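Please look over the sequence and the structure shown below.

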Amino acid sequence: MTHRVSPETNPSGSATAFPEVAEPLVSRVQDTIISWFAAEARELPWRDPNTSAWAVLVSEIMSQQTPVSRVEPRWQAWMEAWPTPADLAVAPTAEVLHRWDRLGYPRRALRLQEAARVIAEELDNEVPGTAEELLSLPGIGSYTAAAVASFAHGQRTTVLDTNVRRVLIRVFAGRERPTASPGRHETEWAAGFVPENDHVAWNAGVMEFGALVCTARSPGCPTCPLQDVCTWYRLGRPASATKPKAQKWAGTDRQLRGAIMDVLKTAHSAGGEPAGVSLDLLTTSVAVLDPDLFSSLDEPTAAAVARVRELSTDVQRITRLVCDLVSDGLAQEDEGRLALPGH
């Protein structure tokens, strides 16, 4: 038996992007990955068998484009504060964003709260059990739906994150890395490798294998248990013809936007009335800024404001980003002050 898929153009020049794979090879890779995972899996709190489906959903949202080392402490604090969807549903938005801390992409926190409200109000506080139902929740995409259905509910799904895709592409297709996002053909191809039994261990195992062994930059090929059957290794580990575009951070709007959010989170931690900070602190030149505005700040908030000013003195740019934050629901402006929403 082979796993078949229609030919698709491959940037590397191969005639078939997702080739047929013989059943013995599929079985060997499945058995190896599942056995490796049983022995080498990291002890992550959301992998505990008693972890709720809600806790798994939170871990998946937090882990998007974020290292596990940064996620774990935030996840622990989050679950202590809001152990069920109903708890998060009624939480102050400002506190939700504050507890999101430095995980990045804070709109994920807002979407997670929106999903919690739907679960609490319409689904009897129970996280849906199928990928199709999960997809109906705010902010839940195909990867997250498949992952939660698999890891929380034991459903047979095709979980395709970057790590999984890289392992499959290297082992079975002989390419260094996958395309930017999976298409229909790749999803169908990958689905053929998910075993009927032990599919949860397979989904978690191949993801872990990509995170720890078959990594993007420094794969552990010398000690890899799949070295003898890996097509990419057999071909001499050919480099992809195109290099991935590195996401710049320094000097970008994303960096400045994050610095503005840090001001609001720091001011929120300090408390006090009125909430937030004066917009003049961010948009008025030092030459004409009322010095009393700075002197009224606590030290951490003053340092956060100074960081924004170090990154940019372009008033129009800062004003635009502030407007974007307000429009995205991440901040609110009231009488010349900027604060986290919900004040």
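Helix α13 and helix α16 (residues 299-311) pack at an angle of about 165°, and their axes lie 8 Å apart. Because an angle over 145 degrees counts as roughly antiparallel, α13 is roughly antiparallel to α16. The model described here is a predicted one.

**The contact of α13 with α16**

- On the side of α13, the contact is made by Gln 255, Leu 256, Ala 259, Ile 260, Asp 262, Val 263, Thr 266, Ala 267 and Ala 270, while α16 contributes Pro 300, Thr 301, Ala 304, Val 305, Arg 307, Val 308 and Leu 311.
- The crossing in which α13 passes α16 is left-handed.

**The contact of α3 with α5**

- Helix α3 (residues 68-81) packs with helix α5 (residues 93-100) at an angle of about 155°, with the two axes 10 Å apart, and α3 and α5 are therefore roughly antiparallel to each other.
- Arg 74, Ala 77, Trp 78 and Ala 81 of α3 meet Val 96, Arg 99 and Trp 100 of α5 in this contact, whose residues divide into five nonpolar, no polar and two charged.

**The second largest pocket**

- The second largest pocket, with a volume of about 250 Å³, has a lining of 19 residues, of which Gly 271, Pro 274, Gly 276, Leu 297 and Arg 337 lie nearest its centre.
- At least two residues of the lining of this pocket come from each of α13 (253-270) and β3 (277-278), and α13 gives the most, with three residues.
- Eight nonpolar, eight polar and three charged residues make up the lining of the second largest pocket.

**The cavities**

- There are two cavities of 30 Å³ or more in the model.
- The largest cavity holds about 100 Å³ of space and is lined by 14 residues, of which Phe 209, Cys 214, Cys 221, Cys 224 and Cys 230 lie nearest its centre.
- Both α9 (162-173) and α12 (231-234) supply at least two residues of the lining of the largest cavity, which divides into 11 nonpolar, two polar and one charged.
- The second largest cavity, with about 40 Å³ of space, is lined by residues including Thr 158, Leu 160, Ala 190, Trp 202 and Asn 203, and the elements giving two or more residues to this lining are α9 and α11 (199-212).
- In the second largest cavity, α11 provides the largest share of the lining, three residues, and the lining as a whole has eight nonpolar, two polar and no charged residues.

Key
Residues numbered from 1 in each chain as written. Predicted model: local features only at pLDDT ≥ 70, side-chain atom pairs only at ≥ 80, totals over all residues. Heavy atoms only, no water. Axes fitted to C-alpha atoms, helices over the stretch in contact; angles between N-to-C directions. Helix = DSSP H or I, 4+ residues; strand = E, 2+ residues; numbered from the N terminus. Parallel < 35°, antiparallel > 145°, perpendicular 65-115°, else oblique. Contact = heavy atoms within 4.5 Å. Nonpolar A, V, L, I, M, F, W, Y, C, P; charged D, E, K, R; others polar. 1 Å grid on protein atoms, 1.4 Å probe; cavity = no way out; pocket = protein on both sides within 12 Å on 5 of 7 lines; lining within 4 Å. Points joined across faces, edges and corners; volume = space filled by probe spheres on them. Left-handed = near helix turned anticlockwise from the far one by under 90°.
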